[in-house]
Structures are given as structure tokens and as C-alpha cells.
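Could you walk me through a protein that holds a ligand, and show me how to read its pockets? I am new to this one.

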Amino acid sequence: MKAAIYPGSFDPVTYGHLDIIRRAAEIFDELTVSVLNNQLKTPLFSVEERVKILEEATKDFPNVKVDSFSGLLIDYSKKKGVHVAIRGLRAITDFEYELQIAQTNKLLSKGELDTVFLTTSLEYAYLSSSSVKEIASFNGDISMCVPEFVAQLIYEKYGHK
Ligand code: PNS
């Protein structure tokens with residue numbers, strides 16, 4: 001069985017992430033979308049909230065599971081027995097950062113963990129969780145960026161609606 005992990009902050013999940021999830025789930029038999037519990041960042045949504053949001057947003061994909069992890073991705077993927085990490089690439093600026101992480105993970109895992117990159121569909125190439133949060137904080141329209149129920153949750157966090 002071909003399994004993969006799609007790690008990320010997902011704070012919150014966007015249509016760009018969901019596009020990568022849908023396409024990765026078509027390539028792999030089982031996809032685990034895993035939220036990084038990063039103590040260094042102050043997220044808008046807690047890990048538990050992000051997991052719940054992702055579960056709801058991916059409920060129509062039968063081979064997609066949602067989980068969370070702390071620490072190194074190579075340790076988490078080893079524990080899961082998974083050898084492929086999925087990452088989305090929007091632009092060349094993503095590539096430099098992602099290449100560095102992918103090569104570090106390959107080295108640290110002694111060759112065990114490979115990274116498969118999917119290029120983001122052009123319609124979502126402009127999207128980032130940070131810009132979604134910034135727009136929402138000013139009560140702007142994020143309907144083209146995230147599912148409706150996610151938009152409501154984001155607006156609530158900023159005290160709108
Ligand atoms: O959605 P993000 O914030 O771009 O995701 C980044 C993520 C979670 C893929 C990356 O930060 C990660 O894997 N962190 C876990 C810690 C780790 O393994 N670091 C070693 C690679 S340098």
C-alpha cells in the first residue's frame with residue numbers, strides 16, 4: 001500500500017491545501033494530513049481546532065486521515081511507517097525553502113523519507129493562510145479562499161459576524 005503524509009500548519013486550511021489533498025489522495029492509497037504542533041508559533045486556531053476543521057473539510061475523501069504531530073517530521077513518519085511527505089509548491093520562492101527542508105529530511109532520515117511536490121493549481125497559486133487571516137482580520141471577503149464553514153470560524157476569531 002502506498003501511503004503518504006501531508007504535514008503543515010494548516011492555520012487554517014485553504015482551498016490551495018484542499019486541492020493538494022484531493023490530488024495526493026488520488027495518487028496514494030492512504031494520505032494522512034498532519035498538523036504540526038509548533039510551540040514557537042502563535043496560531044489563530046489550536047491544534048485540536050485545526051484537526052477538527054481538516055476532518056470536516058476532508059470528510060468526502062475516504063482515504064484521507066487527519067492527525068497531528070510534535071517534533072521532527074522524520075521521527076513522526078518513521079513511527080507511522082510512511083516514507084513519503086507531500087508538499088505543495090506555489091512559486092519559485094516556495095521552492096528554495098521546500099528544497100532545503102526536503103533535503104534535510106532526506107539526510108536526517110538516512111534516505112528513508114522522500115518528499116513529493118505537487119504544484120499548486122494556478123487558480124490557488126496566490127493563496128496563503130497568512131493572507132487569508134490578514135484579509136479576514138479586516139473583515140474582507142475570503143469566500144474564494146476557504147470553505148464557507150472555515151470562513152465563519154475565522155471571522156468569529158476576529159470578532160466579525
Ligand atoms: O505549513 P507549513 O508551516 O509551511 O509547514 C512546515 C512543516 C510543518 C512541513 C515543517 O515546518 C516541518 O516539517 N516541521 C517539523 C519539524 C521538522 O521536522 N523540521 C526539520 C526540517 S528542517
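The talk below goes from the ligand to the pockets.

Q: What should I know before I start?

A: This is a predicted model, in which local features need pLDDT of at least 70 and side-chain atom pairs count only at pLDDT 80 or more, while totals for chains, interfaces and linings use all residues. Residues are numbered from 1 along each chain as its sequence is written, and side-chain values use heavy atoms, with hydrogens and water left out.

Q: Which residues are around the ligand?

A: A residue is near a molecule if one of its heavy atoms lies within 4 Å of it. Here the residues around the ligand are G8, S9, L36, K41, G71, L72, L73, R87, I101 and N105. Sorted by class, this shell has four nonpolar, four polar and two charged residues. For the classes, Ala, Val, Leu, Ile, Met, Phe, Trp, Tyr, Cys and Pro count as nonpolar, Asp, Glu, Lys and Arg as charged, and the others, Gly among them, as polar.

Q: Where does R87 come 2.9 Å from the ligand?

A: A polar contact is a pair of N or O atoms within 3.5 Å. An N or O atom in the side chain of R87 is 2.9 Å from an oxygen atom of the ligand. L73 uses a polar backbone atom, 2.8 Å from a ligand oxygen, and a polar side-chain atom of K41 lies 3.5 Å from an oxygen atom of the ligand. The protein buries 74% of the 560 Å² that the ligand exposes when taken alone, with areas from the Shrake-Rupley method and a 1.4 Å probe.

Q: Which pocket does the ligand sit in?

A: On a 1 Å grid over the protein atoms alone, a pocket is an open set of points where a 1.4 Å probe fits, with protein on both sides within 12 Å along at least five of seven lines; lining residues have an atom within 4 Å of a point. A molecule sits in a pocket if more than half of its atoms lie within 2 Å of its grid points. The ligand sits in the largest pocket, which holds about 1,100 Å³ of space. Its lining has 41 residues, with G8, S9, R87, Y97 and E98 nearest the centre.

Q: Which helix gives the most to that lining?

A: Helices are DSSP runs (H or I, at least four residues), numbered from the N terminus. For the largest pocket, α4 gives the most, with nine residues.

Q: How much space lies in the second largest pocket?

A: A volume is the space filled by probe spheres set on the points. The second largest pocket has about 170 Å³, and helix α3 (residues 73–80) supplies the largest share of its lining, four residues.

How values were computed
Polar contact = N/O pair within 3.5 Å; in protein donor to acceptor, adjacent residues only side chain to side chain. Helix = DSSP H or I, 4+ residues; strand = E, 2+ residues; numbered from the N terminus.
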